[in-house]
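Please open the model in your viewer and keep the selection tool at hand. The stops below say what to select next and what is to be found there.

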Amino acid sequence: MADVPKSQTQVAVIGAGPGGYAAAFLAADLGLEVTLIDPEPNPGGVCLYRGCIPSKALLHVAKLLNESVEAANWGIRFKSPEIDLDKLRDWKESVVNRLTGGVGQLSKQRKITYIQGRAKFTEPTQIEISPIKGNKYPLKFEHAVLATGSRPATIPGLIIDSPQVMNSTAALDLKDIPKTLLVIGGGYIGLEMGSVYAALGSEVTVVEMMPGLLPGADKDLVKVLHKSIERKFKEVLLQTKVSEMKEVKGAIKVKFQSEEARVNEGRFEKVLYSIGRRPNTEDLGLEDLNIELDDKGFVKVDLQRRTSQPTIFAIGDVAGEPMLAHKASHEGRLAVEVIAGHKAAFEPRAIPAVVFTDPEVAWCGLTESEATAQNRKIEVTRFPWAASGRALTMDRPDGLTKLIIDPETERILGMGVVGAGAGELIAEGVLAVEMAALATDVKLSIHPHPTLSETIMESAEVFFGQSTHIYRPKRK
Ligand SMILES: Cc1cc2nc3c(=O)[nH]c(=O)nc-3n(C[C@H](O)[C@H](O)[C@H](O)COP(=O)(O)OP(=O)(O)OC[C@H]3O[C@@H](n4cnc5c(N)ncnc54)[C@H](O)[C@@H]3O)c2cc1C
């Protein structure tokens with residue numbers, strides 16, 4: 001006999017990305033009865049199925065390919081790699097399946113009712129579920145968490161419908177390795193995917209309308225990455241816009257507009273557009289419940305992630321920037337704590353951002369650009385990786401660690417890193433900022449040698465003009 005669907009639940013979670021499933025799991029751990037709804041067969045969302053995880057699996061391969069070339073500098077010569085694209089794709093899929101399957105198991109172990117389908121609100125305490133199989137039915141809830149995430153943004157009229165024009169999801173499918181690839185957008189997704197294709201053998205051009213790659217990130221960090229991207233990509237076009245795209249004889253003809261008019265047009269076998277992401281707020285019944293959106297289209301939430309309907313919370317990409325998986329999970333867990341009656345609010349001091357290019361770029365807390373924009377008095381200390389023993393053993397002197405410090409209180413307000421493995425190092429900065437560490441705390445914490453983490457300790461030493469491995473006396 002088929003299961004009769006439940007007619008009510010304590011917590012309904014709509015969308016099972018890293019925000020939704022983290023929320024559902026904590027709610028179950030806190031003893032609440034949970035229903036989790038998502039179109040995919042298992043939880044995972046964009047992050048696990050077509051975002052963070054598959055892109056990092058491919059970037060791991062890109063790193064190996066790049067290192068196999070660099071090894072010639074160390075007296076090791078490898079033959080040109082042979083790329084078995086089917087096998088590579090299978091391996092990437094196996095990582096995704098293992099992880100999503102594992103999260104599915106964890107959902108079952110927690111006795112969460114997982115429904116493969118879609119949901120929309122019909123009342124402040126009711127959703128309508130459209131399961132993949134079977135008929136629509138209503139589900140009453142006490143609280144709901146909206147975690148429907150986001151999708152790639154597009155520009156109607158510019159982005160044409162062609163199998164040669166890809167968004168990030170199509171790029172991750174890795175159908176082939178185009179000879180030439182244009183990446184529209186110099187943000188982290190474009191640069192990460194561009195790096196994958198460049199390592200696999202495509203000639204990659206990236207076009208960005210702003211004056212620098214990774215708009216918003218500190219310029220000194222971006223400069224190091226820019227140099228490396230210029231070596232790996234065919235061309236980096238800044239302050240340039242794509243004004244037209246046309247399919248012509250198996251290629252995409254693209255027109256550019258730039259003040260310098262350095263390049264007016266080009267032909268590319270494939271184009272990847274990565275020009276931002278849009279929150280998924282459509283077909284959810286939000287208007288009927290007067291759930292407000294902000295001027296960028298995100299669901300408006302308070303410090304506890306409650307929407308304008310007190311029974312409904314919103315978290316993750318649908319609830320605002322930064323659109324990152326770890327921010328989504330943190331918010332999801334926080335909203336559930338509030339639902340469970342705990343005193344909690346979303347007030348992180350440091351949400352880390354990591355760009356998994358080579359070198360990686362990572363930052364957290366206050367950035368130098370933000371401090372400048374706010375006219376805030378800060379001291380920035382920098383430690384170049386050319387002075388790090390560990391960086392030299394890896395032949396990776398192309399790095400920089402910096403701390404943003406309040407000169408009066410000596411408190412660490414932010415950290416930035418560019419270099420191999422920056423994404424792992426930034427966690428220490430997060431802890432320092434969240435724990436209100438002072439430069440002295442970091443300076444006096446013994447860091448293991450030889451590691452890249454020493455560059456953080458030495459950046460703190462720079463604040464006192466006492467770094468062991470660079471000579472930079474304190475200015476009086
Ligand atoms: C190529 C790429 C690489 C990325 N790399 C990183 C990275 O390295 N690190 C990082 O932090 N972030 C990364 N991100 C961003 C990250 O994927 C998102 O920030 C994260 O997935 C947001 O989580 P979420 O839970 O808010 O929503 P999502 O992961 O978007 O999940 C939302 C889910 O809700 C479902 N849904 C939508 N509507 C409904 C409905 N009506 N009913 C039921 N379900 C619905 C969707 O199908 C989806 O499964 C990357 C993104 C992309 C595209």
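Begin with the open sheet of three strands, whose order is β11-β12-β13 and whose pairing is antiparallel; two strands count as paired if DSSP finds at least two bridges between them, and strands (E, at least two residues) and helices (H or I, at least four residues) are DSSP runs numbered from the N terminus. Select residues 240-248 for β11 and 265-268 for β13, and you have the edge strands, each of which pairs on one side only. From one strand to the next the twist averages 25°, where axes are lines fitted to C-alpha atoms, for helices over the stretch in contact, and angles run from 0 to 180 degrees between N-to-C directions. Before you go further, please note that this is a predicted model, in which local features need pLDDT of at least 70 and side-chain atom pairs count only at pLDDT 80 or more, while totals for chains, interfaces and linings use all residues. Residues are numbered from 1 along each chain as its sequence is written, and side-chain values use heavy atoms, with hydrogens and water left out.

Which residue of β12 is the bridge partner of V242? The partner to select is F256. In general, the strands of a sheet pair through backbone hydrogen bonds, either parallel or antiparallel.

Next, go to strand β4 (residues 126-131), which pairs with β3 in the antiparallel sense over six bridges. A hairpin of two residues leads from β3 to β4, and R118 has S130 in β4 as its bridge partner. On to β5: four bridges join this strand to β4, and the two run antiparallel. Here I129 has Y137 as its bridge partner, and in the hairpin of β4 and β5, with five residues between the strands, G134 takes a positive phi near 100°.

The aromatic rings make the next stop. Rings of Phe, Tyr and Trp (its six-membered ring) pair if their centres lie within 6.5 Å, with planes under 30 degrees apart counted as stacked, over 60 as edge-to-face and the rest as tilted; by this rule there are four aromatic pairs. Select Y21 and F25, whose ring centres are 5.4 Å apart and whose planes stand at 45°, so the pair is tilted. Both residues belong to helix α1 (residues 18-29), where Y21 and F25 are four residues apart, about one turn of the helix. Are Y21 and F25 buried or exposed? Both are buried, where buried means under 20% relative accessible area, exposed over 50% and partly exposed in between (1.4 Å probe, protein chains only).

Another pair, F121 and F141, is edge-to-face, at 6.0 Å centre to centre and 75° between the planes. This pair links distant parts of the chain, with F121 in strand β3 (residues 113-123) and F141 in strand β5 (residues 137-146), 20 residues apart. Both F121 and F141 are buried.

Now turn to the salt bridges (a side-chain nitrogen of Lys or Arg within 4 Å of a carboxyl oxygen of Asp or Glu), of which the structure holds 25. Select R110 and D29, whose side chains meet at 2.8 Å, N to O; the pair links distant parts of the chain, since R110 is in the loop between α4 and β3 and D29 is in helix α1, 81 residues apart. R110 is partly exposed, with a relative accessible area of 27%, and D29 also counts as partly exposed, at 47%.

A further salt bridge joins K56 and E192, with the closest N and O atoms 2.7 Å apart. K56 lies in helix α3 and E192 in helix α6 (residues 188-200), so the pair ties together parts that are 136 residues apart in sequence. K56 is partly exposed at 22%, whereas E192 counts as buried at 3%.

Within helix α4, select D86 and R89, which are three residues apart, about one turn of the helix, and which form a salt bridge with closest N and O atoms 2.9 Å apart.
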